[in-house]
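Welcome! Please take a moment to look over the sequence and the 3D view below before reading on.

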Amino acid sequence: MSFATSRVFKACSALLAPARSSATAGNATKPASTAVAKTKSKPKLKSTTPTISKAAGILKVTPVSPALGDFLGAPESSRTEAVKKIWAHIKLHNLQNPENKREIFCDQKLKTLFDGKDKVGFLEIGKLLSGHFVKTG
């Protein structure tokens, strides 16, 4: 056998070894050297990453337009909460197109939010809602 071949097969000896049964694997004890090494643990370092105390991005509660406020029943909301309530309304009133689930039929309440459109795609909902969230400085 060549040097390269023996080196490869020696590295794979663990893969080629017969599997231990669960009875012998459970009864095996760890060597004392590893037990000692585990008791000596390094002190934990304090995390340098800042913790976020306020919600940011789409989770941030911001004022909404009067039309969206009437729909949600609140003068301010997060984007995620608004989308959840719109989807709940869509599911409750069965407004998804049964042939194309990505298409939403708008009832009168949704038409006020979605610029009077009769149908919207589900990917358009976020884009059409962005105008209803008031930008805060």
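Is His132 buried or exposed? His132 counts as buried, because its relative accessibility is 11%; here buried means under 20% relative accessible area, exposed means over 50%, and partly exposed lies in between, with a 1.4 Å probe and protein chains only.

Before going further, please note that this is a predicted model, in which local features need pLDDT of at least 70 and side-chain atom pairs count only at pLDDT 80 or more, while totals for chains, interfaces and linings use all residues. Residues are numbered from 1 along each chain as its sequence is written, and side-chain values use heavy atoms, with hydrogens and water left out.

**Around His132**

You can find His132 in the segment after helix H8 (124–129). A polar atom of its side chain lies 2.8 Å from the backbone oxygen of Leu113. Apart from neighbours within four places in sequence, His132 is in contact (heavy atoms within 4.5 Å) with Pro63, Val64, Ser65, Ala67, Leu68, Thr112 and Leu113.

**The chain as a whole**

Stepping back, the chain has 8 helices and 4 strands. These are DSSP runs numbered from the N terminus, with helices (H or I) of at least four residues and strands (E) of at least two. Read from the N terminus, the order of elements is α-α-α-α-β-α-β-α-β-α-β-α. The chain holds 137 residues, and 21% of them count as buried. Its accessible surface, from the Shrake-Rupley method with a 1.4 Å probe, comes to about 11000 Å², and carbon and sulfur atoms make up 60% of that. Among contacts with a separation of 6 or more, 30% join residues 24 or more positions apart.

**The nonpolar core**

Which residues touch the most other members of the largest nonpolar core? They are Ile86, Leu110 and Phe114, in a core of 18 residues. Two or more residues of this core come from each of helix H5 (66–72), helix H6 (79–92), helix H7 (108–113) and H8. A nonpolar core is a set of buried Ala, Val, Leu, Ile, Met, Phe, Trp, Tyr and Cys residues joined through side-chain atoms within 4.5 Å. Leaving out residues up to four places away in sequence, Ile86 touches Phe71, Leu110, Leu113, Phe114 and Leu129.

**Charged pairs**

Side chains of opposite charge can pair when their charged atoms come close. How many salt bridges does a search of the whole structure find? The search finds 2, a salt bridge being a side-chain nitrogen of Lys or Arg within 4 Å of a carboxyl oxygen of Asp or Glu.

| Salt bridge | Closest N and O atoms |
|---|---|
| Lys111 and Asp118 | 3.0 Å apart |
| Glu124 and Lys117 | 3.1 Å apart |

**Two residues in loops**

Finally, look at Asn94, which has a positive phi of about 55 degrees although it is not a glycine. Asn94 sits in the loop between H6 and strand E3 (103–105), and its 65% relative accessibility makes Asn94 exposed. Asp115, also not a glycine, has a positive phi of about 55 degrees. The loop between H7 and strand E4 (119–121) holds Asp115, which counts as exposed at 63% relative accessibility.

Terms used: Polar contact = N/O pair within 3.5 Å; in protein donor to acceptor, adjacent residues only side chain to side chain.
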